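Trainee: I'd like to learn how to read a structure like this one. Could you walk me through it?

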Amino acid sequence: MKIFLDTAHVEEIRTGCSWGIVDGVTTNPSHVAATGRPFREVVEEICDICPGPVSAEVISTEAEGMIEQAREVSSWAPNIVVKIPVIKEGIKALPVLSAEGIKTNATVCFSANQALLAAKAGATYISPFVGRLDAIGHDGMQLAEEIVQIYSQYDFDTEIIVAAARHPLHVLQAALIGAHITTMRFDILEQMFDHPLTDAGVEQFLADWNAAGLSL
Ligand code: E4P
């Protein structure tokens, strides 16, 4: 399963990419706004740091506007994926962009039917927001699982990005159901490394080694 960082914070992306296990980045308008930097500048810098797919979202809510903005944003770097919300106008824009070879990430997805429409419309990626569903008492991972089942049943090429992950368990669950990708905050990626028994084990090995006076 691929791991994407869900942030526009370039230092986090630089650090994550230096670990060699980050395959891509997703941003959204809120992430970019939080940097206080111009949209194009921050997206171009992220694309320089991360050679994998980098999602950047359009702002228009009309198909024509989305298509125009997608053409513009996708011209900024070869690894850009344009995020298109799965509203009606977004679904309408997707086949046009797909025909032009522009990669798309159908975003703000909260139902399997939206995911089905996005795949039929030729989206490169679909992003179900699992954590936001959990937050209103629904089961976000169940949605992700339904999408995995539907896409494999009909052999769609659209890749599933489990998005709005809230903890490492979401990442584990995404891998277990066979999602292609999970996108996550930097702190969740960091937590994936940790286990107290690993720390204790390494400490014990070093203590035994040093107590015996061994050297390489
Ligand atoms: C995904 O691509 C979105 O940027 C993201 O996962 C939204 O998550 P949030 O609910 O943490 O804002």
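This is a predicted model: local features need pLDDT of at least 70, side-chain atom pairs count only at pLDDT 80 or more; totals for chains, interfaces and linings use all residues.

Trainee: Which atom of R132 lies 2.6 Å from an oxygen atom of the ligand?

Mentor: For R132, that's a polar side-chain atom. R166 also puts a polar side-chain atom by a ligand oxygen, at 2.7 Å. With A164, look at the backbone instead: one of its N or O atoms lies 2.7 Å from an oxygen atom of the ligand.

Trainee: And how much of the ligand does the protein bury?

Mentor: Taken alone, the ligand exposes 340 Å², and the protein buries 88% of that.

Trainee: Now the strands. How do strands of a sheet pair?

Mentor: Through backbone hydrogen bonds, in either a parallel or an antiparallel way. Here, 8 strands form a closed barrel with parallel pairing, in the order β1-β2-β3-β4-β5-β6-β7-β8. From one strand to the next, the twist averages 30°.

Trainee: Can we zoom in on one pair? Over how many bridges do β3 and β4 pair?

Mentor: Strand β3 covers residues 54-57 and strand β4 residues 80-85, and they pair in the parallel sense over 4 bridges.

Trainee: Which helix lies across β3 and β4?

Mentor: That's α4, residues 63-74, which runs at about 160° to β4.

Methods:
Residues are numbered from 1 along each chain as its sequence is written. Side-chain values use heavy atoms; hydrogens and water are left out. Two strands pair if DSSP finds at least two bridges between them. Helices (H or I, at least four residues) and strands (E, at least two) are DSSP runs, numbered from the N terminus. Axes are lines fitted to C-alpha atoms, for helices over the stretch in contact, and angles run from 0 to 180 degrees between N-to-C directions. Contact means heavy atoms within 4.5 Å. A polar contact is a pair of N or O atoms within 3.5 Å; within protein, one must be able to donate a hydrogen and the other to accept it, and residues adjacent in sequence count only if both atoms are side-chain atoms. Accessible areas come from the Shrake-Rupley method with a 1.4 Å probe; for residues, only the protein chains shown count as cover.
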